[in-house]
Amino acid sequence: MTHDLAVVGGGPAGVAGALTAALAGLRVVLLDGGPRLGGQYFRHAHGAEPEPRFARQTRALRQRADVLLQHQVWALSREDDAFTVHAYGTSRADDAYGTGRAEEPAHGRAEIRARHVLIATGAHDRPLPFPGWDLPGVLTAGGAQALLKGERVPAGRRIAVAGTGPFLLPVAAGLAEAGVEVAGVFEASGGLGLARHPVMALGKAGEAAGYAWALGTRRVPYRRRHAVIAAHGEDELRAVTVARLDRDWNVLGTEELECDALAVGYGFVPQIELAVQLGCRTRGDTDGTPVVDVDARQRTSVPGVWAAGEPTGVGGWELSEIEGRIAGLALAGAAEVPGLLLRRRARLRAFAAALQTAYPVRPGWQSWLAQDTLVCRCEEVPLARVREAQALGATDARSIKLLARPGMGWCQGRMCGYALACLAGEPQQPPRRPIAQPISLGALAEPPQKER
């Protein structure tokens, strides 16, 4: 069986795109690696209802499309007039929305054919290395939020939240509302945020006020131009070094703060591996991060391939949903996209660009590193080996990778790729991975299940 459309990603962009196309009569299949639809923003625990609007969308989608959860899509290929989605199912998905539809077993390799593909794979946290970031208890801000939302498990009893960008606020507020002691929120940027863009910021004022109230009522410190530059402990985190920073993030002074968990994040990296596999053209986002280049209808440079949400530029769930709807309409053959959607997309894209400009990563973070600081945790590559590779003649991140092995471990550079590019003094390059998600050789050797 060949579907009209295969959607990869079950967050706001993927669900909106799949539902819009399915309502127009297309035969749609959506695949997602998680046990429940929602992505990071609408992540929720088993048995719990997501945000009402998203819950209504997912119920409608399951009645009109095939939904394959817990399917890790590791490759896309094109043969003749159709694409093949290569996925691996890890277990049995559940019916979290009361539709009464039994899900198919999700174990083993699967190959799904479709005439068109919508890539809506979201993004992952962008960390920066610092001494001790490999200690148990140190995790990304998104990881801390995922534990709390998806499993109702706080990352620790006394948690520090650090990095840059507005995402720190909902993470800290969520932890505080769950009864966790938040030791402080440490924003490395100066805190002007969107003061230069008051009109754009106005629509988010209520949301920001809610986070401020949640933190203020619990007396959580919020300190601008501060960052966690080191983590301390033997077998687990026990304390962090908090530094006061200048404009370029050079250290002006330090203090030690006790905590048993640290949630840290410096923005996000779009997941564009599948688009790069297919040869889709990319461009540099406002902050230089590689993203998929799309036209006004969310079409990529490869015929039959659309992209929506964070792969085309990090901008939040509202922008992702609108881009998904626009892609769904285009896939369904709509002659024109409603002007309201186009105007809202333009406004939200401008807001996203303003955020990236307001919360940049400054070069001073490299001064936080010691020679024995791990740059790549998977392969345990310290800064000294990176510098040694450069001394031997490596002039770019790829050459450093070949000589010193950073980025060649389990995560394939997802965690260290940005930092390595900065250390090499070059823009981060689009990830070229023939296998987009980790999969064992045994799984690859399995014969694929009958096409769904």
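This is a predicted model: local features need pLDDT of at least 70, side-chain atom pairs count only at pLDDT 80 or more; totals for chains, interfaces and linings use all residues.
Which residues of helix 3 (residues 141–151) are buried? Residues are numbered from 1 along each chain as its sequence is written, and side-chain values use heavy atoms, with hydrogens and water left out.

**View 1. Buried residues of helix 3 and their cover.** The buried residues of helix 3 are Ala141, Gly142, Ala144, Gln145, Ala146, Leu148 and Gly150. Buried denotes under 20% relative accessible area, exposed over 50%, and partly exposed the range in between (1.4 Å probe, protein chains only). Helices (H or I, at least four residues) and strands (E, at least two) are DSSP runs numbered from the N terminus. The cover over these buried residues includes strand 7 (123–125), strand 8 (138–140), helix 4 and strand 15 (261–265), where contact means heavy atoms within 4.5 Å. Just after helix 3, arginine 152 adopts a positive phi of about 60 degrees.

View 2. Because seven of its ten residues are buried, helix 4 is largely enclosed by the rest of the structure. The buried residues in helix 4 are Leu168, Pro170, Val171, Ala172, Ala173, Leu175 and Ala176. Glycine 179, which follows helix 4, has a positive phi near 95 degrees.

**View 3. Stacked phenylalanine pair.** Rings of Phe, Tyr and Trp (its six-membered ring) pair if their centres lie within 6.5 Å, with planes under 30 degrees apart counted as stacked, over 60 as edge-to-face and the rest as tilted. This rule gives a count of seven aromatic pairs. The ring centres of phenylalanine 42 and phenylalanine 54 are 4.5 Å apart and their planes lie at 10 degrees, so this pair is stacked. Phenylalanine 42 belongs to the loop between strand 2 (28–31) and helix 2 (52–64), and phenylalanine 54 to helix 2, twelve residues apart. Phenylalanine 42 and phenylalanine 54 are both buried.

**View 4. Edge-to-face phenylalanine pair.** Phenylalanine 167 and phenylalanine 268 pair edge-to-face, at 5.1 Å centre to centre and with 65 degrees between the planes. The pair links distant parts of the chain, 101 residues apart: phenylalanine 167 lies in the loop between strand 9 (158–163) and helix 4 (168–177), and phenylalanine 268 in strand 16 (residues 268–270). Phenylalanine 268 has 24% relative accessibility and therefore counts as partly exposed.

**View 5. Aromatic cluster and charges over rings.** One aromatic cluster is formed by Tyr41, Phe42, Phe54 and Trp317. Lysine 149 lies over the face of tyrosine 41, 5.0 Å from the ring centre. The charged end of arginine 377 sits over the ring of tryptophan 133, at 4.1 Å from its centre. A charge sits over a ring if NZ of Lys or CZ of Arg is within 6 Å of the ring centre and within 35 degrees of the ring normal.
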